[in-house]
Amino acid sequence: MSRKRTNAGPIPVYLRMKKRISIPPEGTVRLGSVVRLLADEPLAGELKRIPLYTHRPEDGNRVVIDVLQIVKALRETAPDAVIETFGDPQVLILVETPSTRSPRFAVLAGAWLLLFFGAGLAIMNFHTDVSMKEVHQRIAFLLTGKETLHPLWFQIPYSVGVGLGMVLFFNHLFRKRLNEEPNPLELEMYNYQENINAYVIADEMGKKANRVEGRDDG
């Protein structure tokens with residue numbers, strides 16, 4: 001059990017809440033796992049060891065810890081603390097079960113081929129819709145003054161340029177990043193994850209409020 005502190009003066013404690021963390025099934029969440037804490041030693045080390053939650057199978061794989069739960073635990077350990085919180089008011093706890101399955105390379109290869117040929121067909125269908133072949137022939141005629149059915153000297157550099165444009169757009173060449181800027185796909189994935197987190201937190205907080213109201217009514 002944590003030792004209570006009764007210092008004469010106020011003890012400043014600064015907390016920055018994390019957005020989400022992962023724990024194993026039936027794991028224990030301590031304060032140091034869900035916040036970045038700034039306080040004088042040895043108080044900071046003691047506060048980081050405060051247990052906040054222990055996972056139970058009936059809780060599912062998503063749990064939300066609210067800032068009020070953290071403040072309550074801090075008050076019990078350090079009643080003289082002056083607590084300042086920053087960041088999000090909730091922390092999303094994801095319970096992750098370690099996977100024991102080996103990678104399925106056949107599925108990976110199938111997905112890679114599907115995406116490769118699907119992207120190729122999409123580009124070809126787009127070029128057909130906008131009559132790209134006729135455009136290339138017209139540009140070749142304007143530049144040379146001759147009718148050319150297959151202006152390869154123009155079409156080949158154009159095809160190479162499409163590939164280079166995709167590399168620059170996604171900011172990756174295989175595993176190598178060209179610069180430190182996030183690419184559009186990473187931004188979309190970030191926004192998607194943020195929306196999922198916001199929905200899960202709102203849903204879990206709503207369920208928790210309903211359980212509290214049910215106990216109060218009973």
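Visitor: Why is Glu 58 called exposed?
Guide: Exposed means a relative accessible area over 50%, buried means under 20%, and partly exposed lies in between (1.4 Å probe, protein chains only). Glu 58 has 60% relative accessibility, so Glu 58 counts as exposed. This is a predicted model, in which local features need pLDDT of at least 70 and side-chain atom pairs count only at pLDDT 80 or more, while totals for chains, interfaces and linings use all residues. Residues are numbered from 1 along each chain as its sequence is written, and side-chain values use heavy atoms, with hydrogens and water left out.

Visitor: What makes the contact of Glu 58 and Arg 56 a salt bridge?
Guide: A salt bridge needs a side-chain nitrogen of Lys or Arg within 4 Å of a carboxyl oxygen of Asp or Glu. Here the N to O distance is 3.8 Å, so the pair meets the definition. Arg 56 itself, at 46% relative accessibility, counts as partly exposed.

Visitor: Which residues form a network with Arg 56?
Guide: Arg 56 also forms a salt bridge with Asp 59, with the closest N and O atoms 3.1 Å apart. Shared partners join Arg 56, Glu 58 and Asp 59 into one network. Asp 59 has a relative accessible area of 23%, so Asp 59 is partly exposed.

Visitor: How many salt bridges are there in the whole structure?
Guide: The search finds three. One of them joins the side chains of Glu 194 and Lys 19, at 3.4 Å from N to O. Glu 194 lies in helix H7 (residues 184-217) and Lys 19 in the loop between strands S1 (11-17) and S2 (20-23), so the bridge ties together parts 175 residues apart in sequence. Helices (H or I, at least four residues) and strands (E, at least two) are DSSP runs, numbered from the N terminus. Glu 194 counts as partly exposed at 23% relative accessibility, and Lys 19 counts as partly exposed at 37%.

Visitor: How do you know that S1 and S4 pair?
Guide: Two strands pair if DSSP finds at least two bridges between them. Four bridges join S1 to S4, so the two strands pair; they run antiparallel. In S4, Leu 38 is the bridge partner of Tyr 14. The open sheet has the order S4-S1-S7, with mixed pairing.

Visitor: What makes S4 and S7 edge strands?
Guide: Strand S4 (35-38) and strand S7 (81-86) each pair on one side only.

Visitor: Which helix gives the most to the lining of the largest pocket?
Guide: That is H4, with seven residues. The lining has 18 residues, with Trp 112, Phe 116, Ala 119, Met 166 and Phe 170 nearest the centre. A pocket, on a 1 Å grid over the protein atoms alone, is an open set of points where a 1.4 Å probe fits, with protein on both sides within 12 Å along at least five of seven lines; lining residues have an atom within 4 Å of a point.

Visitor: How many residues of this lining are nonpolar, polar and charged?
Guide: There are 13 nonpolar, five polar and no charged. Ala, Val, Leu, Ile, Met, Phe, Trp, Tyr, Cys and Pro count as nonpolar, Asp, Glu, Lys and Arg as charged, and the others, Gly among them, as polar.
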